[in-house]
Amino acid sequence: MHDYILYSLITLVLSVIFSMGGAGAGIALIPILSFLGFDFNVAKAVGLFAGASTTITSSIMNIKRKVVDYKFVFPLAVAMLIFAPLGAYASSFIDEKIVKFLFMLMLFYSATMMMFGKKKALFNAESIYMLFIVGSSIGFLSGLLGVGGGNILIPLLLLIGYEPKKVAVAVSFVVPFSALSSFFTYASYVPLDWVMLLVVALSAIVGGYIGNYMMHFKLKQSHIKKVMALLLYLLALKLLWHFIA
């Protein structure tokens, strides 16, 4: 019971912070659960379920508001729905140390993009084929690492030349479904505590609402993202320490 309270509080705090920065907390929840003794694949499944629980609401709201550009979203959605479960399944065959190392690199990448990333495009490569290629590669990688993929996908699409608002809506629409498809793949081969999943999901939803409410106060998102980046850097450094210690 005490463990459930601890996991609930950790998820709540992370969800408040990351939702204020417009991101999912799964990327930070996974390494923390791993440090607390969880099997890494189980931690990824929990992170995916928590992330999907908070982001699916924004997807539904965007559909109701009719702001989803389906021509833009469709290639990404199809590619990620196909390749995210494949990445999650491939994770069972790849050495856990390799997956953790890739996860560490992804933490450094995400933190750096939050801290220093620019929205200016490096070049313009807008096309359906490019969207499918990006969705396929990011989908497989996000499934392998057990994350929704938004932290990787958004900066990449911006660098390719897509409009920031368009990208934000598209990613918020796609990520929960790719996360759920990856989660069910992990659930097919790792033992899960469904009570804990429910506790974590509820905490993530509550934290997401609190974070969204707090965004209306005079809090600069740039400052919040720096806090998020520092947290991800710390988690990445702790993972790095495990490799070199």
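Predicted model: local features only at pLDDT ≥ 70, side-chain atom pairs only at ≥ 80, totals over all residues.
Reader: What makes up the fold of the protein, helices or strands?

Author: Helices: the protein has 10 helices and 0 strands. Read along the sequence, the pattern is α-α-α-α-α-α-α-α-α-α.

Reader: How many residues does the protein have, and what percentage of them is buried?

Author: The protein has 245 residues, and 49% of them are buried. As for the surface, the accessible area comes to about 12300 Å², with 72% of it belonging to carbon and sulfur atoms. Among contacts with a separation of 6 or more, 85% are between residues 24 or more positions apart.

Reader: Why is serine 110 called buried?

Author: Buried means under 20% relative accessible area. Serine 110 has a relative accessible area of 1%, so serine 110 counts as buried. This serine lies in helix α5. Leaving aside neighbours within four places in sequence, serine 110 is in contact with Ile27, Asn151 and Leu232.

Reader: How do you know that the span of helix α5 agrees with its number of residues?

Author: Helix α5 covers residues 96–116, which is 21 residues. At 1.5 Å a residue the helix should span 30 Å, and its end C-alpha atoms are 30 Å apart, so the two agree.

Reader: Which residues of α5 are buried, and what puts them on the same side?

Author: The buried residues of α5 are Val99, Phe103, Met104, Met106, Leu107, Ser110, Ala111, Met114 and Met115. They cover an arc of only 165° around the axis, and therefore they sit on the same side of α5.

Reader: What makes isoleucine 160 a buried residue?

Author: Its relative accessible area is 4%, and the cut-off is under 20%, so isoleucine 160 is buried. Isoleucine 160 is found in helix α7. The C-alpha atoms of isoleucine 160 and leucine 131 are separated by 9.8 Å, although these residues are 29 residues apart along the chain.

Reader: Which residues touch the most other members of the largest nonpolar core?

Author: They are Phe18, Phe103, Leu157 and Leu232, in a core of 73 residues. Helix α8 (residues 164–187) gives this core its largest share, 10 residues. As for leucine 157, not counting residues up to four places away in sequence, this residue touches Phe72, Leu76, Leu131, Val134, Tyr162, Val167 and Val171.

Reader: Why is tyrosine 89 called partly exposed?

Author: Buried stops at under 20% and exposed begins at over 50%, with partly exposed in between. At 46% relative accessibility, tyrosine 89 falls between those limits, so it counts as partly exposed. Tyrosine 89 is in helix α4 (residues 70–90). Not counting residues up to four places away in sequence, tyrosine 89 touches Thr185 and Tyr189.

Reader: And how do you know that isoleucine 63 counts as partly exposed?

Author: The relative accessibility of isoleucine 63 is 37%, which lies between 20% and 50%, so this residue counts as partly exposed too. Isoleucine 63 has its place in helix α3 (residues 40–64). With residues up to four places away in sequence not counted, isoleucine 63 touches Val68, Tyr70 and Phe173.

Reader: One more: is glycine 26 buried or exposed?

Author: Glycine 26 has a relative accessible area of 11%, under the 20% cut-off, so this glycine is buried. Glycine 26 is found in helix α2 (residues 26–35). Glycine 26 and alanine 52 are 26 residues apart in sequence and 9.0 Å apart in space, C-alpha to C-alpha.

Definitions and conventions
Residues numbered from 1 in each chain as written. Heavy atoms only, no water. Helix = DSSP H or I, 4+ residues; strand = E, 2+ residues; numbered from the N terminus. Buried < 20%, exposed > 50% of the residue type's maximum accessible area, 1.4 Å probe, protein only. Contact = heavy atoms within 4.5 Å. Areas by Shrake-Rupley, 256 points an atom, 1.4 Å probe, with all protein chains shown as cover. Expected span 1.5 Å × (residues − 1). Arc of directions from axis to C-beta. Core = buried A, V, L, I, M, F, W, Y, C linked by side-chain atoms within 4.5 Å.
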